[in-house]
Amino acid sequence: MLSEESRNGGKRNDMKNARPLIGLTPSLDIAERRVWVRPAYMESVLAAGGLPVLLPLAEGEDTLREVLDRCDGILLTGGPDVEPERFGQTDTTGTVVTCPFRDEVELWLARKTLAADKPLLAICRGLQVLNVALGGDLWLDLPSQRPSAIAHRQEGIGDKAMHSVHVFPGTLLWEICGENLQVNSLHHQAIRTLAPRLKLMAEADDGLAEAAWLPGKRFALGVQWHPELLSAHDEASRAIFRSFVEACRAYSGKTCQAV
Ligand SMILES: [Mn+2]
């Protein structure tokens, strides 16, 4: 005999209590035909009460549109540099490493996620993608184009904070984690010109942009560092994921609590 769940086509009756579904963009290694993501993204979303899934880096908009429709929020993860041609430049530094196919997918996703006003969390490369998607541009190579006493590309796996970040009072990030943060730093590029609609939320002691948001949206926040690599031992990093997952839950109407 069929269970009630089977008769419903497998649809559970308690979906309103399900965790919000959060789509993560993976890295893509075309030469090795490999799609991958660091588990810390998944772990941080799970710990904040979200249900993470990897998004397909698919050709064509139909698949992406269907996947975006089903997700309650999108997390743009870290990765290689954005192709300079995407923001009207060419690489004069010889240092830029890109994945144009991933650019194509993520620029589309960033714009469509914002258009649908679904929550968007953009981490490291994700912030750069968000800025380019909305018309801003990037430093191609921080060490040669914008030398600093701060090593924005730290050694190691990034589980230790390396530099301070000053968060501007009254911004979304300030509400989530306060004014002074210690963050890790694993980025080669960074925001040079902020996109017209984005607002700067935080900067490093050398004045480099470290976080931005899009006011007027449900939740559209990008950070230049990697909170997922600090969240096991850093409350401010956990707070970023909790706020994002809460926004996804509010969007979805689902009620289950963080674990
Ligand atoms: Mn940094």
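This is a predicted model: local features need pLDDT of at least 70, side-chain atom pairs count only at pLDDT 80 or more; totals for chains, interfaces and linings use all residues.
Q: Which residues of helix 8 are buried?
A: The buried residues of helix 8 are Ala236, Ser237, Ile240, Phe241, Ser243, Phe244, Val245, Ala247, Cys248, Arg249 and Ser252.

Q: At what angle do helix 2 and helix 8 pack?
A: Helix 2, residues 39-47, packs against helix 8, residues 235-252, at an angle of about 65°, with the axes 8 Å apart; the two are therefore roughly perpendicular to each other, since 65 to 115 degrees counts as such.

Q: Which residues make that contact?
A: Ser44, Val45 and Ala47 contribute from helix 2, while Arg238, Phe241 and Val245 contribute from helix 8, and by class the contact has 4 nonpolar, 1 polar and 1 charged residues.

Q: Switching to helix 4, what covers its buried residues?
A: The cover includes strand 2 (27-29), helix 3 (61-70), strand 5 (73-76), strand 6 (120-123), helix 5 (125-133) and strand 13 (220-223), and the buried residues of helix 4 include Arg102, Asp103, Glu106 and Leu109.

Q: Which residue just after helix 4 takes a positive phi?
A: Asp117 does, with a phi of about 55°, and just after helix 8 Gly253 takes a positive phi of about 80°.

Notes:
Residues are numbered from 1 along each chain as its sequence is written. Axes are lines fitted to C-alpha atoms, for helices over the stretch in contact, and angles run from 0 to 180 degrees between N-to-C directions. Helices (H or I, at least four residues) and strands (E, at least two) are DSSP runs, numbered from the N terminus. Angles under 35 degrees count as roughly parallel, over 145 as roughly antiparallel, 65 to 115 as roughly perpendicular and the rest as oblique. Two residues are in contact if their C-beta atoms, placed from the backbone, lie within 7 Å. Ala, Val, Leu, Ile, Met, Phe, Trp, Tyr, Cys and Pro count as nonpolar, Asp, Glu, Lys and Arg as charged, and the others, Gly among them, as polar. A residue is buried if 20 or more other C-beta atoms lie within 10 Å of its own, exposed if 12 or fewer, and partly exposed in between; C-beta atoms are placed from the backbone.
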